[in-house]
Amino acid sequence: MRPFNHTNATSLAEVRTALADGKTSIIAGGTDLLGTLKDNILRDYPSTVINIKTVPGLDFIEEKGGKLTIGERIPGP
């Protein structure tokens, strides 16, 4: 596996900034991404992997009504 930087993001603004360079990949668990990095099969290898599990409010991924939602659950009526 080639070397890369790893960052634990603390805000969505930090994630947006990191993604702006075009050389950053997102990880939120990472089993698939880390396996891909170890196999060295990516055409464009990331210079940085940013962990979004450490961003407050991004505590779930949910599919409902054909839409995917990532983020804080908002209590409904």
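This is a predicted model: local features need pLDDT of at least 70, side-chain atom pairs count only at pLDDT 80 or more; totals for chains, interfaces and linings use all residues.

Me: What makes E4 and E5 a pair of strands?

Reply: Two strands pair if there are at least two bridges between them. Strand E4 (residues 61–64) and E5 are joined over four bridges, in the antiparallel sense, so they meet that cut-off.

Me: Why is Leu 68 called exposed?

Reply: Exposed means over 50% relative accessible area. Leu 68 has 59% relative accessibility, so it counts as exposed. This residue is found in strand E5 (residues 67–70). Setting aside residues up to four places away in sequence, Leu 68 touches Ile 61, Glu 62 and Glu 63.

Me: And Phe 4, why is that one called partly exposed?

Reply: Buried is under 20% and exposed is over 50%, with partly exposed in between. Phe 4 has a relative accessible area of 24%, so it is partly exposed. You will find Phe 4 in the segment before E1.

Me: Which residues is Phe 4 in contact with?

Reply: Contact means heavy atoms within 4.5 Å. Leaving aside neighbours within four places in sequence, the contacts of Phe 4 include Leu 34, Leu 37, Tyr 45 and Ser 47. Ser 47 is 43 residues apart from Phe 4 along the chain, yet their C-alpha atoms are separated by 5.0 Å.

Me: How do you know that E1 and E3 pair?

Reply: The cut-off is again at least two bridges. E1 and strand E3 (residues 48–51) have four bridges, in the parallel sense, so they pair. Within this pairing, His 6 stands opposite Val 49 in E3.

Me: What makes E1 and E2 the edge strands?

Reply: Three strands form an open sheet in the order E1-E3-E2, with parallel pairing. Strand E1 (5–8) and strand E2 (24–27) each pair on one side only, and that is what makes them edge strands. Neighbouring strands of this sheet are turned by 25° against each other on average, direction ignored.

Me: Which strands does helix H1 touch?

Reply: Helix H1 (residues 12–19) packs on the sheet and touches E1, E2 and E3, with its direction at about 145° to that of E2. Helix H2 (residues 31–39) lies across E2 and E3, and runs at about 135° to E2.

Notes
Residues are numbered from 1 along each chain as its sequence is written. Side-chain values use heavy atoms; hydrogens and water are left out. Helices (H or I, at least four residues) and strands (E, at least two) are DSSP runs, numbered from the N terminus. Axes are lines fitted to C-alpha atoms, for helices over the stretch in contact, and angles run from 0 to 180 degrees between N-to-C directions. Buried means under 20% relative accessible area, exposed over 50%, partly exposed in between (1.4 Å probe, protein chains only).
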